[in-house]
Amino acid sequence: MRAAVVREFNEDLSIETVPDPTCPDNGVVLEVAACGVCRSDYHGWSGAHPKVQNGSILGHEYCGTVVEAGSNAKHKVGDRLIAPFILGCGSCHACQTGVSNTCANQIVPGFGAPGAYAEYVAVPFDHNLVHLPDTLSPALAAGLGCRVTTAWHALTDRADVAAGEWVAVHGTGGIGLSVLLLAKMLGCRVVVVDVVDEKLEHAKLHGADATVNASEEDAATAILEITGGGAQVSIEALGIETTTNASLECLAILGRHVQIGMPSGDGWMRMNMRAIYSKQLSVFGTRGMPSWKYPRLLGLIERGDVDIQPMVAREVRLEDASGELRAMRGPTSPGTAVITSFLP
């Protein structure tokens with residue numbers, strides 16, 4: 001099969017012909033219809049993720065059609081499926097108690113297992129996979145496996161947002177834009193922070209109640225003024241120290257900070273503990289979403305309660321993934337890229 005392979009960090013992915021994946025007994029092989037290009041992939045491509053090495057194939061936001069099924073697979077050849085990026089084993093205590101996104105035996109294609117920057121991808125633990133609705137395009141479905149589901153879980157589970165609350169969103173990439181769209185659907189007021197005016201204007205077009213350009217003013221101070229004392233919930237969607245502290249500092253008394261952005265490198269950063277202590281803040285980490293939560297989210301999308309179309313800005317070829325990753329070194333344009341063409 002054709003795949004984009006990591007050979008040197010921060011260099012173009014190598015487009016190679018590699019062996020087709022072997023079908024796991026407890027899973028399937030998908031012919032990939034679409035795969036998102038995510039900032040988490042950027043961390044791996046740049047050498048900041050320990051599970052990405054020479055020879056790795058990135059890609060954890062994918063959907064496709066089953067072309068081979070293992071003897072113990074739940075799904076069958078011909079099924080069109082969406083894959084959550086965290087594949088829980090289904091047998092451990094975490095999986096059995098509904099928090100499969102914390103499974104100690106989890107497998108994540110693209111990080112430690114070959115991913116979906118390729119024509120085909122092997123997916124073990126296929127009980128995690130969900131049928132792709134006919135009304136949902138592969139390009140949109142690919143983003144569900146990471147950005148949209150992570151945002152949904154962060155808002156509805158970790159932060160437990162309520163209608164009328166102020167939600168601050170730091171960073172308007174795929175995650176941040178997903179948070180904006182979903183939080184507005186849930187009845188929240190949303191203030192969005194970025195350093196690119198084009199992205200802030202894009203956020204306004206899609207429902208942001210207020211925007212802050214953090215390159216021109218102090219984000220936390222601006223949010224405290226806009227919200228009349230601070231946001232009830234603040235979402236950090238980049239994984240860097242500056243935005244993490246802005247997220248903490250912009251909160252109201254008893255506010256909730258949710259860390260969605262994956263910290264790169266060794267993960268260490270300095271945090272404003274005085275803000276946490278004096279305002280008695282709650283700090284949550286979040287990563288992915290249990291697969292059992294898919295039906296409600298898919299139902300909302302299918303009924304038109306939320307339109308996630310603004311999330312996808314570009315459909316690109318496999319060869320274009322390197323350029324999309326390289327662009328993440330600096331400010332990026334609105335929306336995200338999805339690979340939908342895998343052949344020359």
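This is a predicted model: local features need pLDDT of at least 70, side-chain atom pairs count only at pLDDT 80 or more; totals for chains, interfaces and linings use all residues.

Start by showing the side chains of Ser247 and Ser234: they make a polar contact of 2.7 Å. A polar contact here is a pair of N or O atoms within 3.5 Å; within protein, one must be able to donate a hydrogen and the other to accept it, and residues adjacent in sequence count only if both atoms are side-chain atoms.

Residues are numbered from 1 along each chain as its sequence is written, and side-chain values use heavy atoms, with hydrogens and water left out.

Stay on Ser247 and colour helix H7, residues 241-249, where this serine is found. Helices (H or I, at least four residues) and strands (E, at least two) are DSSP runs, numbered from the N terminus. Is Ser247 buried or exposed? Ser247 counts as buried because its relative accessibility is 0%; buried means under 20% relative accessible area, exposed over 50%, and partly exposed in between (1.4 Å probe, protein chains only). Leaving out neighbours within four places in sequence, Ser247 is in contact with His170, Ser234, Ile235, Glu236 and His257, where contact means heavy atoms within 4.5 Å.

Next, jump to Thr149 in helix H3. Thr149 has a relative accessible area of 2%, so it is buried. A polar atom of its side chain lies 2.8 Å from the backbone oxygen of Leu144 and one lies 3.2 Å from the backbone oxygen of Cys146. Not counting residues up to four places away in sequence, Thr149 touches Leu144, Gly288, Met289, Tyr294 and Leu297. Pick Pro84 as well: Thr149 and Pro84 are 65 residues apart in sequence, yet 8.0 Å apart in space, C-alpha to C-alpha.

Now for the largest nonpolar core, which has 49 residues; select Ile82, Leu136, Leu144, Val167 and Val179, the members that touch the most others. Such a core is a set of buried Ala, Val, Leu, Ile, Met, Phe, Trp, Tyr and Cys residues joined through side-chain atoms within 4.5 Å. H3 gives this core its largest share, 10 residues. A second, separate core has 48 residues, among them Val28, Val52, Ile57 and Phe85.

Finish with two backbone spots. Which residue sits in the loop between E6 and strand E7 (130-131)? That is Phe125, with a positive phi near 50° in a residue other than glycine. Phe125 counts as buried because its relative accessibility is 16%. Asp160, in the loop between H3 and E8, also has a positive phi of about 50° although it is not a glycine. Asp160 is at 53% relative accessibility, so it counts as exposed.
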